[in-house]
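User: Please go through the structure shown here and set each label against its definition.

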Protein chains: 2
Amino acid sequence: MTHPRYTRLIDALPSTVPFVGPEAQERAAGRPFTARLGANENGFGPSPRAIAAMAAAAGDVWKYGDSTSFELRAALAAHHDVNVPNVLVGEGIDGLLGYLCRLLIEPGDAVVTSDGAYPTFNYHVAGFGGVLHKVPYSDDHEDLDALIAKAIETGAKLIYLANPDNPMGTWHGREAIEAMIKKVPDGTLLLLDEAYVEFAPEDTAARIAADDPRVIRMRTFSKAHGMAGARVGYAIAAPELIAAFDKIRNHFGMCRISQAGALAALQDTTWQAYMRLLVAGARQRIADIAAQNGLSTLPSATNFVAIDCGGDGDFARAVLTALGDAGVFVRMPFVAPENRCIRVSVGPEPELDRFAEALPHALEAARTSRMK
Amino acid sequence: MTHPRYTRLIDALPSTVPFVGPEAQERAAGRPFTARLGANENGFGPSPRAIAAMAAAAGDVWKYGDSTSFELRAALAAHHDVNVPNVLVGEGIDGLLGYLCRLLIEPGDAVVTSDGAYPTFNYHVAGFGGVLHKVPYSDDHEDLDALIAKAIETGAKLIYLANPDNPMGTWHGREAIEAMIKKVPDGTLLLLDEAYVEFAPEDTAARIAADDPRVIRMRTFSKAHGMAGARVGYAIAAPELIAAFDKIRNHFGMCRISQAGALAALQDTTWQAYMRLLVAGARQRIADIAAQNGLSTLPSATNFVAIDCGGDGDFARAVLTALGDAGVFVRMPFVAPENRCIRVSVGPEPELDRFAEALPHALEAARTSRMK
């Protein structure tokens with residue numbers, strides 16, 4: 001019998017998956033989580049106007065979505081004070097990361113990121129044969145100077161920077177980012193992932209000229225707009241770069257219902273302000289819960305909080321496992337020393353109550369197992 | 001200023017788009033279509049149960065979709081009498097085509113298709129540097145023997161076959177397809193696009209062993225289930241091939257609302273039967289409208305009908321343009337002699353009424369312009 005002949009690159013790739021989703025974990029455990037606080041989702045949900053728009057669009061789903069997402073792009077362009085050709089809408093930032101890697105990366109090309117930063121970006125880089133060069137975090141922050149230095153050293157085509165950072169929740173002010181952009185070497189593109197920036201202090205989002213060819217920024221409706229399952233992300237960059245995506249993207253890839261929901265969410269500025277208050281309150285609640293257990297938290301400009309469990313990665317992993325056994329889904333950073341933390345996403349009070357109830361027992365279980 | 005450094009392949013790709021969507025055409029024309037019959041959408045819409053499931057899922061869209069689409073895959077596996085590892089759910093067949101090309105095609109690799117077949121497949125092949133070898137249609141049907149012969153001649157990694165065919169609507173019975181599969185040469189994979197097969201006579205879908213490594217079949221919720229805008233396609237193939245997609249796919253790429261809608265649509269077998277009746281009726285109506293204008297139609301096993309306009313490609317193009325000017329959106333085949341036809345998708349009576357009203361004038365306009 002015959003078999004498909006895969007490319008050499010595919011044959012060499014491992015069958016790894018960046019994240020095991022909560023549903024898969026629930027099936028493996030044979031029971032549902034009672035608190036879903038691990039995937040940096042926004043449990044406060046989308047704007048009621050967005051929900052209504054999506055429900056209304058369901059009956060129209062026999063039509064393909066607009067392949068240019070024109071209305072949404074026009075609204076985003078106005079929102080960001082750029083032009084429509086500066087904006088690309090795609091299937092979540094994850095989808096856009098894949099497209100961008102495909103545009104730039106051939107086997108052997110150098111790419112720079114932080115060690116412990118977003119694994120889905122690394123997955124896409126590896127998927128096109130790129131060689132990842134990682135620099136360590138500095139004091140739980142992404143190290144802007146080290147990223148630039150490594151890009152110069154390796155001749156990188158692409159630098160990945162999340163501001164605010166995931167998984168730590170820390171951030172740099174816009175002046176620091178703007179100063180970094182000035183140092184991006186010739187031939188390098190800075191991918192500035194601003195998935196969480198709507199939760200950050202006002203002076204966090206960098207001001208970037210719409211035609212600056214050194215940077216592509218990415219945003220999403222998954223976090224501040226509470227629409228992770230809708231898969232709507234967007235990129236802002238120079239028109240030439242945005243146009244290049246048209247050579248390869250899945251033109252009719254956007255869900256029509258999601259397009260309608262994103263447009264309504266963008267227009268509901270009242271809900272956005274309300275959401276920032278809810279998320280800030282939940283961040284404080286997570287910090288309070290940590291403090292009640294004698295633990296400290298990192299300052300966060302996102303919809304999640306890194307709790308320092310006060311030990312090493314094994315200890316934090318034991319806490320995370322015990323929380324999971326108690327039905328509380330959280331995640332944790334991947335590398336030391338950041339992996340001394342667990343990462344808890346915001347959510348409504350009842351879910352945080354369950355976390356508050358489970359944490360002391362989880363810490364106790366982790367401490368007991370450490371003493372064995 | 002610095003610029004991104006694209007891959008050599010990207011630099012060489014043209015900025016072409018497989019299809020200009022109806023919304024883009026409407027914006028260019030400055031007015032909406034009054035009959036949307038061009039994109040092989042299903043204007044009868046989705047099952048009311050699917051609409052209800054999508055509306056209900058809108059409030060839950062703060063959660064990422066299940067990255068394994070497990071429930072939907074389990075239901076599809078049961079429906080097709082295969083196992084879950086035989087089934088992959090993805091972002092429409094278009095998305096799956098892109099993934100499959102990425103798995104198999106490196107620059108210079110040979111791929112076989114029919115001249116005038118699905119341009120989005122060609123787009124993805126070109127996007128990975130594949131070399132397309134095209135065989136002509138035979139009597140408005142895809143030519144199974146010619147496809148196999150060309151694959152042997154070129155050492156193709158991949159053959160594309162749509163059964164039933166788009167854009168002609170013609171089809172082969174399952175025995176012919178099964179006989180073709182036996183002839184697929186070593187090292188070649190047959191991509192059997194069955195997007196329209198639910199509209200075809202019962203003996204059209206080939207029976208293929210679940211672990212047969214020579215074939216991957218693709219299906220969709222866009223056509224029979226009336227959910228084109230939801231972007232849900234799926235593939236059935238040997239587990240090894242299905243697993244290979246996990247190396248590269250956008251794991252969290254599925255819209256959660258679409259997953260819920262597809263599951264409900266699959267379960268609504270009453271609606272599916274009703275839909276087949278509606279579509280068969282609309283096909284007959286399109287044939288009647290053609291006959292009233294002295295035109296013949298091709299037999300169709302799909303949700304669209306190719307009308308032979310009785311002239312050449314230029315004449316059919318003039319008819320299509322005049323229909324567009326009258327607010328009726330249809331499309332047409334790309335190459336001769338199939339491009340003597342226009343392709344009209346099914347739709348509810350009011351839309352077909354507008355087509356019936358516009359067609360005589362469009363034919364008149366095309367004839368007049370031909371005499372100039």
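Analyst: Strand S5 (residues 158-162) and strand S6 (residues 189-193) of chain B are joined in the parallel sense by five bridges. This is a predicted model, in which local features need pLDDT of at least 70 and side-chain atom pairs count only at pLDDT 80 or more, while totals for chains, interfaces and linings use all residues. Residues are numbered from 1 along each chain as its sequence is written, chains are lettered from A and ligands numbered from 1 in the order in which they are written, and side-chain values use heavy atoms, with hydrogens and water left out.

User: What makes S5 and S6 of chain B a pair?

Analyst: Two strands pair if DSSP finds at least two bridges between them, and S5(B) and S6(B) have five.

User: Why are S2 and S4 of chain B called edge strands?

Analyst: The seven strands of this open, mixed sheet follow the order S2-S8-S7-S6-S5-S3-S4 in chain B. Strand S2 (87-90) and strand S4 (131-135) each have a single partner strand, so one side of each is left without a neighbour in the sheet. Neighbouring strands are turned by 20° against each other on average, direction ignored.

User: How do you know that helix H4 of chain B packs on that sheet?

Analyst: Helix H4 (residues 70-80) touches S2, strand S7 (215-220) and strand S8 (233-236) of chain B; contact means heavy atoms within 4.5 Å. The direction of H4(B) makes about 130° with that of S2(B), where angles run from 0 to 180 degrees between N-to-C directions and axes are lines fitted to C-alpha atoms, for helices over the stretch in contact.

User: Why is helix H3 of chain A called roughly antiparallel to helix H10 of chain A?

Analyst: The axes of H3(A) (residues 48-58) and H10(A) (residues 256-267) cross at roughly 155° and come within 8 Å. Angles under 35 degrees count as roughly parallel, over 145 as roughly antiparallel, 65 to 115 as roughly perpendicular and the rest as oblique. The crossing angle therefore makes H3(A) roughly antiparallel to H10(A). Among the residues in contact are A:Arg49 and A:Met54 of H3(A), and A:Ile257 and A:Gln267 of H10(A). The contact divides into nine nonpolar residues, two polar and one charged; Ala, Val, Leu, Ile, Met, Phe, Trp, Tyr, Cys and Pro count as nonpolar, Asp, Glu, Lys and Arg as charged, and the others, Gly among them, as polar.

User: What makes the relation of chain A to chain B that of a two-fold axis?

Analyst: A rotation of 180° with 0.0 Å of shift along its axis superposes chain A on chain B, with an RMSD of 0.0 Å. That is the relation of a two-fold axis. The superposition is by least squares on the C-alpha atoms of residues with pLDDT of at least 70 in both copies. In chain A, the C-alpha of A:Ala55 is nearest the axis, 2.1 Å from it. The same surface serves both copies, since 100% of the contact residues of chain A recur in chain B.

User: How do H3(A) and helix H3 of chain B pack?

Analyst: H3(A) and H3(B) (residues 48-58) have axes 8 Å apart and an angle of about 170°, which makes H3(A) roughly antiparallel to H3(B). A:Ile51, A:Met54, A:Ala55 and A:Ala58 meet B:Ile51, B:Met54, B:Ala55 and B:Ala58.

How values were computed
Helix = DSSP H or I, 4+ residues; strand = E, 2+ residues; numbered from the N terminus.
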